Amino acid sequence: MFNKVEKRAKYYLNFHFGNSRGGIRLIEFRDVSKRYEDGTLAVKDLSLTVEKGEIFVLIGPSGCGKTTTMKMVNRLIDHTDGKILIDGKEIYQFDIFELRRNIGYVLQQIALFPHLTVEENISVVPELLKWKKERTKDRVTELMKIAGLDPKLRSKKPAELSGGQQQRVGVLRALAADPDVILMDEPFSALDPISRGQLQDDIKRLNDELGKTILFVTHDMQEAMKLGDRIALMRDGELMLVGTPEEILASEDPFVLEFTQRGRGELDA
Ligand code: ADP
């Protein structure tokens, strides 16, 4: 009984204080939990709302449940309790292919197909969707232009590109079929600091220009502060705080303080 009241109170707090700014709710977690088959409770009663057009950053120490939370959105992992809604519709009500088509996904490991050219890599989803050749070609041109990639790279294979360029192609591949939502799981953590800074600038610009909603996982507080319209801090599968970078910086919560004090560098990965 108490648990239920507590749950409701938590939802109320999340709902009214900092977790919704009155924008259009695109992704909603309502009391979501994930228990893995071995019994690990990776995410506990998570309630949060990602609004249309924002960059929403999930941050927290290794093992706190960030990746699990993100993968539940495109159903790479199924949640075991609660509800996840996209655009007001529960994710189980979508055809899984339709759901994933509308959600781009960028991973830390640059998962480009090594035997395909840059153009072919970016075209993977449009090809699956059977777009006309001309439309796909135009889309690749448009995206490479937006990302400032030299058109000469079109016919190159991934191995001929730098790490930063490869990751840029990874981002463009996720954007190719114009999804509403992009999930990014530590996408830049394998890059050198300069490429990383440039890619972060790219993401900010893409978000400004294309209005994409981005759910971004990182353990780097500097990255979170730079990119996030809002930041959600997680610990042991629970949501500790959601706020703008300014609100996070102003928080007196000991756990938050510990994070922000270490914010010059990275949190323990
Ligand atoms: P983070 O992304 O914050 O590092 P994860 O979401 O990967 O955290 O993991 C959260 C917790 O769930 C950790 O305790 C992790 O060990 C556990 N976990 C992740 N995947 C599995 C799995 N497939 N089976 C059992 N436990 C898992």
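Predicted model: local features only at pLDDT ≥ 70, side-chain atom pairs only at ≥ 80, totals over all residues.
Looking at the protein overall, you will find 11 helices and 10 strands. Of its 269 residues, 37% are buried. Among contacts between residues at least 6 apart in sequence, 72% join residues at least 24 apart.

Now let us turn to helix α8, which runs over residues 193-210. Its 18 residues reach 25 Å from the first C-alpha to the last, close to the 26 Å expected at 1.5 Å a residue. Which residues of α8 are buried? They are Arg-196, Leu-199, Gln-200, Ile-203 and Leu-206. These residues lie on the same side of α8 because they cover an arc of only 125 degrees around the axis. That buried set packs against α6, α7, β8 and α9. On the other side of α8, the exposed residues are Ile-194, Asp-201, Asp-208 and Glu-209. After the helix comes Gly-211, with a positive phi near 65 degrees.

Finally, find the ligand. The residues surrounding it include Tyr-36, Asp-38, Thr-40 and Ala-42, along with Gly-60 and Ser-62 to Thr-68. By class, this shell has three nonpolar, seven polar and two charged residues. Helix α2, residues 66-73, supplies the largest share of the shell, with three residues.

Note on methods
Residues numbered from 1 in each chain as written. Near = placed C-beta within 6 Å. Helix = DSSP H or I, 4+ residues; strand = E, 2+ residues; numbered from the N terminus. Nonpolar A, V, L, I, M, F, W, Y, C, P; charged D, E, K, R; others polar. Buried ≥ 20, exposed ≤ 12 C-beta atoms within 10 Å, placed from the backbone. Contact = placed C-beta atoms within 7 Å. Expected span 1.5 Å × (residues − 1). Arc of directions from axis to C-beta.
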